Amino acid sequence: MHTLESLNLDKLNVKQKQASDIFMNQGITFTVYSDNNQGIERIFPFDIIPRIITKNEWIEVETGIAQRLKALNLFLEDIYNEQQIIEEGIIPASLIASCPHYIPEVHGIKVPHDIHVHIAGIDLIRGEKGEFYVLEDNLRCPSGVSYMLENREITKRIFPEMFRANNVSLVANYPMLFHNILVSLSPRSISNPNVVLLTPGVYNSAYYEHTFLARQMGIPLVEGRDLVVNNHKVYMKTTSGLQQVDVIYRRLDDEYLDPLVFKPDSALGVPGLISAYKMGNVALVNAVGNGVADDKAIYAYVPQMIKYYLNEEPILKNVPTYQMENPEERELVFADMGNMVIKETNQSGGYGMIMGNKATDEELEKAKIAILNNPRNFIAQPIIQLSTVPCYIDGELKLRHVDLRPYALCGPNGIQTVPGGLTRVALTEGSLVVNSSQGGGSKDTWIMK
Amino acid sequence: MEVNMLSRVADGMFWLNRYMERTDGMLLTLNTLYIMSFDQETNDYQGYKPLLKYYTDLPPEYIAEFQHDSNFVLKYIICDHKNINSMRNLITKARENARGSQDKITKELWEHINSMYHFINDPELPHKLETPEAVSILAKLKNDFLLYNGIFHVTMPRGLGWCFSSIGKHIERCLQTISMTQSYYAPIEYNLEGKEDLIYWRKLLLSPSGYELYLKSYSNIPHNRKVIQHVIFNPDFAHSVIFTLGLIDTYLDCVFKNNNLIEARTMRNQFGRLKSYIEYTDYHHLTNLQLEHVLKNTKEQLNQFSMDFSKLFFSYT
């Protein structure tokens with residue numbers, strides 16, 4: 001704070017401009033697609049004031065996430081094999097069967113080290129008393145880690161004196177930690193397995209992140225058309241012929257991975273990939289079918305999972321969640337729509353979400369009809385006032401709502417949460433929507449040692 | 001050195017540098033002709049014709065109409081989005097290729113290409129080109145390309161990516177040198193015994209930064225045969241045909257060194273024949289007709305080689 005106080009507005013403006021220029025020149029952009037499918041390249045707004053989290057607060061987050069991921073991994077292993085959690089009546093079978101992200105094609109699969117979630121982004125918010133709540137688990141292709149790393153680099157460049165004077169935990173070793181996990185998953189026992197990052201291509205909204213991570217880990221960035229499956233093995237097409245691929249860090253959703261199994265018209269995937277995966281000839285990170293564990297309706301059962309698999313009380317709380325399939329809970333929500341946020345269970349990124357306190361009567365009526373037509377597709381949560389932090393906006397320090405997405409890595413040696421994360425900011429005054437696709441920004445997150 | 005790379009990425013790096021080299025060559029020619037257009041005494045009957053003829057697909061009647069119109073040419077060459085070969089479109093394509101091979105190019109290079117992209121897409125640029133600011137815009141773009149080449153040289157690893165992009169760059173440079181040479185020799189019917197003065201040849205020589213070296217290397221008139229000697233056969237001139245073919249040859253060695261593809265040997269021989277064709281041409285006794293054929297055949301063979309090369313290494317779809 002001492003450094004911030006010593007800077008006048010002109011200096012802060014210069015630093016804000018400096019940060020924006022760095023983002024622009026580095027091409028750190030994402031693409032937003034509108035209804036007419038027109039992609040617009042935008043810079044992810046960056047707030048220069050770092051968010052600070054104390055050591056004790058972080059310990060709670062770290063242990064809570066490790067506990068949660070342990071349970072979620074056990075759940076995925078169980079649900080794609082014995083399904084004891086259903087037999088024991090902890091989770092209704094109908095909820096799994098109706099989940100669009102449950103992939104029966106990979107039922108019975110044995111993944112390396114029984115790990116399904118290798119990289120997770122857990123969205124956290126803070127309540128009125130400062131307590132952390134889990135808002136969402138992202139267990140498929142969580143994005144944003146490159147922003148966490150770049151935000152830190154930019155903060156170091158614009159506030160070197162402030163950074164040096166504080167004892168901030170390191171985030172820069174994330175790519176090395178992750179690369180070690182990827183190498184450890186190779187089905188072939190060779191010293192230098194071929195690990196690749198599979199991207200949908202240059203037009204994907206997170207393409208910058210894909211290139212960033214591939215470069216940081218020193219692995220090839222491939223597209224589906226670069227790969228071919230032959231005799232249940234995956235090869236990449238190189239200038240001197242085909243080369244076998246051992247591990248694929250895929251940034252492609254399940255349904256696009258293999259046109260022979262999922263969407264037949266997908267040109268992004270690799271025909272035959274799932275058969276190679278099921279034969280154990282290639283490892284996929286994250287595993288296929290994880291969507292069943294981060295489905296918004298399943299989310300409500302994570303505390304029960306923790307108790308069932310670990311016999312522990314959850315360290316991090318869930319936000320109270322109402323299942324729209326349950327008539328009683330539905331009526332409760334309908335009676336209090338103005339204080340609820342309605343979410344589609346199969347959407348993410350802030351899409352398919354209605355904030356009851358901002359929606360018009362007409363929008364709420366439409367939402368009710370949609371819920372009644374397909375109740376499994378919706379959940380509701382009470383609107384929680386996200387915590388606020390100071391941000392530098394339009395030449396002034398102002399309070400804005402934020403969330404936090406820490407990134408956790410699961411490998412054969414355990415679970416490690418990188419001490420940092422992506423703090424997303426709702427830049428519009430009073431707004432609670434922090435998603436980048438909905439006009440949110442980000443800031444560096446300092447975990448104090 | 002790495003022994004292979006993704007075909008798609010190799011393709012991207014090849015074309016990244018081809019597009020950038022084409023843009024650079026076009027900019028240097030534009031800059032030379034633009035600056036020389038200020039001088040009213042040069043009796044310049046061609047104007048921007050060599051530039052428009054080689055670098056655009058404008059029909060002859062349009063070229064005739066605009067070949068002395070600096071205002072039109074500046075905007076059409078630099079930022080007209082309807083011109084598929086405008087600097088704006090070429091830099092955009094180069095950037096797309098850079099994006100596709102971003103894990104193989106350095107951060108510094110990517111950032112520089114990106115900043116060039118933002119500059120060339122500035123909506124104010126066409127307006128600024130109508131003002132005296134045009135000179136400083138051209139100077140900035142020239143500096144940006146010098147910086148691009150410098151960053152490429154200083155930061156890029158000397159692996160396969162370097163070889164593929166260098167082959168792309170020198171194929172493009174060689175084709176440009178041949179084409180611009182044709183543009184200045186065709187109007188005088190490839191007359192090697194003619195008496196065209198240095199003012200005439202300056203335009204051809206200045207664009208690829210070959211004017212000073214020409215003055216240092218050759219003396220006395222007539223120039224017509226000496227200019228050919230310089231732009232085609234001088235091994236010390238970085239834009240000469242013989243120099244660029246020599247570099248392509250060097251990088252082909254790297255690409256083929258650890259490559260066991262059967263077609264690689266055939267391709268190596270194909271290029272060897274092309275290079276020998278220039279190496280063993282006796283330029284002292286070259287006739288006008290032979291010059292025309294040498295330029296035409298070399299260009300055709302190089303284009304064919306480029307296509308075969310792409311087919312062998314980049315046919316990933």
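**View 1. Strand S20 of chain A and its partners.** Leu409(A) in S20(A) is the bridge partner of Ile119(A). Residues are numbered from 1 along each chain as its sequence is written, while chains are lettered from A and ligands numbered from 1 in the order in which they are written. Helices (H or I, at least four residues) and strands (E, at least two) are DSSP runs, numbered from the N terminus, and two strands pair if DSSP finds at least two bridges between them. Strand S4 (residues 119-126) of chain A runs antiparallel to S20(A), with three bridges joining the two. S20(A) also pairs with strand S21 (residues 414-417) of chain A, in the antiparallel sense and over four bridges. Here Ala408(A) sits opposite Thr417(A), and a hairpin of two residues links S20(A) to S21(A).

**View 2. How S20 of chain A is tucked in.** A residue is buried if 20 or more other C-beta atoms lie within 10 Å of its own, exposed if 12 or fewer, and partly exposed in between, with C-beta atoms placed from the backbone. Five of the five residues of strand S20 (residues 407-411) of chain A are buried, so the rest of the structure largely encloses this strand. What lies on each face? One side has Tyr407(A), Leu409(A) and Gly411(A), the other has Ala408(A) and Cys410(A), and all are buried.

**View 3. A three-strand sheet in chain A.** Have a look at the open sheet with the order S8-S9-S10 (chain A), where the pairing is antiparallel. Its edge strands, S8 (227-230) and S10 of chain A, each pair on one side only. Ignoring direction, neighbouring strands here are turned by 40° against each other on average, using axes that are lines fitted to C-alpha atoms, for helices over the stretch in contact, and angles that run from 0 to 180 degrees between N-to-C directions. S9(A) and S10(A) are joined by four bridges, and Met236(A) stands opposite Gln243(A) in S10(A).

**View 4. Where chain A touches chain B.** Two residues are in contact if their C-beta atoms, placed from the backbone, lie within 7 Å. Chain A brings 21 residues to this contact and chain B brings 25. On the chain A side, the elements giving two or more residues are helix H2 (9-26), helix H9 (207-217), strand S7 (221-222), strand S9 (233-238) and strand S10 (241-244) of chain A.

**View 5. A wrapped-up helix in chain B.** Seven of the ten residues of helix H12 (residues 224-233) of chain B are buried, so this helix is largely enclosed by the rest of the structure. Those buried residues are Asn224(B), Val227(B), Ile228(B), Gln229(B), His230(B), Val231(B) and Ile232(B). Their cover includes helix H9 (160-185), helix H10 (198-206), helix H11 (211-217), helix H13 (241-257) and helix H15 (288-314) of chain B.

**View 6. Confidence along chain A.** pLDDT is the predictor's confidence in each residue, from 0 to 100. Chain A averages 88, and 94% of its residues score at least 70. Among its elements, strand S11 (residues 247-250) of chain A has the highest mean pLDDT (97) and strand S1 (residues 29-33) of chain A the lowest (61). Where pLDDT is low, the predicted coordinates should not be read in detail.

Notes: This is a predicted model: local features need pLDDT of at least 70, side-chain atom pairs count only at pLDDT 80 or more; totals for chains, interfaces and linings use all residues.
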